[in-house]
Amino acid sequence: MPSIRIVVTDIQMPGSMDGLRLARYIRDAYPPIALIVSSGAVRPEQGALPNDAVFVSKPVDHRELLRVIEDPLSAA
């Protein structure tokens, strides 16, 4: 079974959990997973993301997203 190594989420999601809460849950429960949080409408406040999470604003430049994804995976 493959393991999850990276999660990309939007801040605004339907339901009771937003992307910031999801990122904090993943960091607490699964510390090795790399986190990328994105939004075109909301910019997280200082300290809202886990320390090693990366914020990417929308519209996303696909080259930038690939660079952000490759960095934490190459360190794993």
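## Helix and sheet

Axes are lines fitted to C-alpha atoms, and the angles between them run from 0 to 180 degrees between N-to-C directions. In this predicted model, helix α1 lies across β1 and β2 and runs at about 175 degrees to β2.

The sheet is open and is formed by 3 strands in the order β1-β2-β3, with parallel pairing. Strands β1 and β3 stand at the edges with a single partner strand each, so one side of each is left without a neighbour in the sheet. On average, and with direction ignored, neighbouring strands of this sheet are turned by 25 degrees against each other.

Strands of a sheet pair through backbone hydrogen bonds, in either the parallel or the antiparallel sense. Here, strand β1 (residues 6-10) pairs with strand β2 (residues 34-39) in the parallel sense over 5 bridges. Between these two strands the chain passes through helix α1 (residues 19-29), and this β-α-β crossover is right-handed.

## Val54 in strand β3

Val54 belongs to strand β3, which spans residues 54-57. Its relative accessible area is 31%; because this value falls between 20% and 50%, Val54 is classed as partly exposed.

Apart from residues up to four places away in sequence, Val54 touches Leu35, Ile36, Val37 and Val68. The C-alpha atoms of Val54 and Glu64 are separated by 12 Å, the two residues being 10 apart along the chain.

## Arg27 in helix α1

Arg27 is located in helix α1. With a relative accessibility of 14%, Arg27 counts as buried, because the cut-off for that class is under 20%.

A polar atom of the Arg27 side chain lies 2.8 Å from the backbone oxygen of Ile33. Leaving aside residues up to four places away in sequence, Arg27 touches Pro32, Ile33, Ala34, Leu35, Pro50 and Asp52.

## The aromatic pair

A pair of aromatic rings is described by the distance of the centres and the angle of the planes. The count for this model is 1 aromatic pair. Tyr25 and Tyr30 form this pair, at 6.4 Å centre to centre and with 70 degrees between the planes, an edge-to-face arrangement.

Tyr25 is partly exposed, with a relative accessible area of 45%. Tyr30 likewise counts as partly exposed, at 44% relative accessibility.

Key. Residues are numbered from 1 along each chain as its sequence is written. This is a predicted model: local features need pLDDT of at least 70, side-chain atom pairs count only at pLDDT 80 or more; totals for chains, interfaces and linings use all residues. Side-chain values use heavy atoms; hydrogens and water are left out. Helices (H or I, at least four residues) and strands (E, at least two) are DSSP runs, numbered from the N terminus. Buried means under 20% relative accessible area, exposed over 50%, partly exposed in between (1.4 Å probe, protein chains only). Contact means heavy atoms within 4.5 Å. Two strands pair if DSSP finds at least two bridges between them. A crossover is right-handed if, with the strands pointing away from the viewer, the path from the first strand over the helix to the second runs clockwise. Rings of Phe, Tyr and Trp (its six-membered ring) pair if their centres lie within 6.5 Å; planes under 30 degrees apart count as stacked, over 60 as edge-to-face and the rest as tilted. A polar contact is a pair of N or O atoms within 3.5 Å; within protein, one must be able to donate a hydrogen and the other to accept it, and residues adjacent in sequence count only if both atoms are side-chain atoms.
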